[in-house]
Amino acid sequence: QVSSSVCHVMVDPWLFFLICGLLAVCWRPGPRSAIVVVLGDIGHSPRMQYHVLSLVNEMGVEVDFVGYGGSAPLSAIQRSDKVRIHLLKAFRSPVPIPYLLYAVCKVALESIQLVWIMLIRAPRPLFILAQNPPSIPVLAWCVVICLLRRASFLIDFHNFGYTMLAMKLGQGHPLVKISYVYEWVVSRCAVGGFAVTKAMQIWLKENWQVSSVVLYDRPADRFKETDLASQRDLFLRLEKDGALQRLEGWTSGSISNIFVDQNLSKPQSRPQIMVSSTSWSPDENFDLLVEALPGIEEHLQRGSKRLVIFITGKGPLRAAFENKVSQLSLKQVAIVCVWLAVDDYPRLLGCCDFGLSFHTSSSGLDLPMKVVDMFGAGLPVCSASFLALPELVRHGENGMVFDDAKSLLDCITHCLTALDPAQERKWRAAVRLFREFGWTQQWRNVALPELNRVS
């Protein structure tokens with residue numbers, strides 16, 4: 001009994017000092033700062049990068065930016081002395097393991113890194129802003145760390161993790177139901193947040209009793225028409241990298257001359273250019289394009305025209321798509337799948353005539369950022385139809401909408417045919433109007449008051 005009492009007396013001070021030390025680390029003073037976290041490639045998370053720059057430039061806080069590597073973030077972020085980038089290490093098993101074990105190990109490693117970075121390494125933040133999805137495990141750890149560090153927690157809802165999981169496992173799968181409950185409970189712990197559409201804002205309020213403000217995606221200033229000198233430089237580099245090999249049969253000279261010649265002018269035989277961007281995920285049905293390509297080829301042969309469709313991005317379904325396209329006999333239309341550096345993506349968009357979007361949304365409530373970028377570059381867009389799309393693309397006003405391969409074919413052939421001048425002026429004017437109200441202005445009007453409220 002005496003021994004037990006002695007141990008009790010000895011342990012209590014150590015526990016006390018440990019708790020005090022932890023709180024001292026958590027609450028240590030530092031610069032006015034925020035943590036922005038996304039469990040994805042930060043270089044290909046444009047909206048979160050725009051948040052980071054706006055927090056620095058408009059709110060005047062320092063930012064700890066947490067996420068995975070893979071591609072370089074915007075040069076403005078890399079140059080900023082007020083942004084600290086913390087890259088997570090991905091879990092890789094040296095031997096094949098069951099998916100469930102892989103998922104457990106991945107979540108465990110992410111959890112350790114998130115706690116270390118957000119609780120220990122980063123100075124105490126005013127708030128943590130987390131992208132959703134992904135939601136597991138990041139949202140739960142954000143709640144815990146905000147409680148420990150007396151910070152506010154906000155969620156930027158891009159979509160819902162449980163709906164994306166349902167596309168893989170099926171709506172009735174137990175893991176989907178668990179994910180739904182997890183996401184709902186954790187979202188209720190946030191003091192505020194942003195929704196990308198009005199439809200999503202309404203859904204969050206009615207189903208989860210979560211309040212949010214609508215912060216629409218808007219193009220950054222770097223999305224604009226690309227001058228001919230920059231176009232030629234881009235196509236020369238793509239040719240050097242071997243990305244334009246599919247066009248070798250179209251000319252005996254330099255492939256880049258197809259688009260911009262040495263005199264920095266557009267050749268009369270320049271093909272029309274369409275562009276699509278994708279992560280090659282199940283919520284983008286590129287099989288519609290495969291089905292439409294023979295009809296597009298026939299249309300182009302009748303008019304002796306050519307078309308290049310650039311598809312940017314990488315992901316699990318790309319190889320299957322390229323295999324299907326390779327089995328088609330295409331002479332007048334070329335599909336070029338390419339992975340671009342972050343700064344080259346807006347340059348390519350600025351070279352094109354029209355945009356294509358196959359995004360249909362796992363929830364029906366988000367909007368494709370790629371269309372926003374295309375509008376920023378001045379492109380009318382042909383987009384797949386879904387519930388929230390009218391908040392961005394309106395058929396006949398700033399682009400066209402399709403539901404199946406036949407309507408996609410109609411949209412593309414309509415764009416390839418000489419448009420009625422009045423209609424083209426209407427499209428271009430609507431796109432210009434959208435572009436005038438950019439990200440910075442909207443962030444200042446919508447996001448800044450919300451962040452000041454919770455800080």
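Helices here are DSSP runs of H or I with at least four residues, strands are E runs of at least two, and both are numbered from the N terminus.

**View 1. The whole protein, before we zoom in.** This is a predicted model, where local features need pLDDT of at least 70, side-chain atom pairs count only at pLDDT 80 or more, and totals for chains, interfaces and linings use all residues. Residues are numbered from 1 along each chain as its sequence is written, and side-chain values use heavy atoms, with hydrogens and water left out. You'll find 16 helices and 13 strands in the protein. Its radius of gyration is 25 Å, close to the 23 Å that the globule rule gives for 455 residues, so the protein is as compact as a globular protein of that length. (That radius is taken over C-alpha atoms, and the rule is 2.2 Å times the number of residues to the power 0.38.) Along the principal axes, the C-alpha trace spans about 100 × 45 × 45 Å. Buried residues make up 51% of the 455; buried means under 20% relative accessible area, exposed means over 50%, and partly exposed is in between (1.4 Å probe, protein chains only). Take the contacts (heavy atoms within 4.5 Å) between residues at least 6 apart in sequence: 73% of them join residues at least 24 apart.

**View 2. Helices H6 and H7, side by side.** H6 covers residues 161-169 and H7 covers 174-188; their axes come within 9 Å and cross at roughly 175 degrees. The axes are lines fitted to C-alpha atoms over the stretch in contact, with angles from 0 to 180 degrees between N-to-C directions. The two helices are therefore roughly antiparallel to each other, a label for angles over 145 degrees. From H6, the residues Gly-161, Tyr-162, Leu-165, Ala-166 and Leu-169 meet Leu-175, Val-176, Ser-179, Tyr-180 and Glu-183 of H7. Sort the residues of this contact by type and you get seven nonpolar, two polar and one charged. (Nonpolar covers Ala, Val, Leu, Ile, Met, Phe, Trp, Tyr, Cys and Pro; charged covers Asp, Glu, Lys and Arg; the others, Gly among them, are polar.)

View 3. Most residues other than glycine have a negative phi, and most peptide bonds are trans. Here, a cis bond joins Asn-132 to Pro-133, with omega at about -10 degrees. Pro-133 sits in the loop between strand S4 (127-132) and helix H5 (138-149). Go along to the bond from Ile-136 to Pro-137 and that one is cis too, with omega near 0 degrees. Pro-137 also belongs to the loop between S4 and H5.

View 4. Arg-150 isn't a glycine, yet its phi is positive, at about 55 degrees. Look for Arg-150 in the loop between H5 and strand S5 (152-157); at 48% relative accessibility, it counts as partly exposed. Trp-280 has a positive phi as well, near 55 degrees. Its spot is the loop between S8 and helix H10 (287-303), and Trp-280 is buried, with a relative accessible area of 2%.

**View 5. Gln-262 and its contacts.** Gln-262 lies in the loop between helix H9 (228-240) and strand S8 (272-277). With 64% relative accessibility, Gln-262 counts as exposed. Setting aside neighbours within four places in sequence, Gln-262 is in contact with Arg-232 and Asn-257. Ala-229 is 33 residues away along the chain, and its C-alpha is 9.4 Å from that of Gln-262.

How values were computed. Angles under 35 degrees count as roughly parallel, over 145 as roughly antiparallel, 65 to 115 as roughly perpendicular and the rest as oblique.
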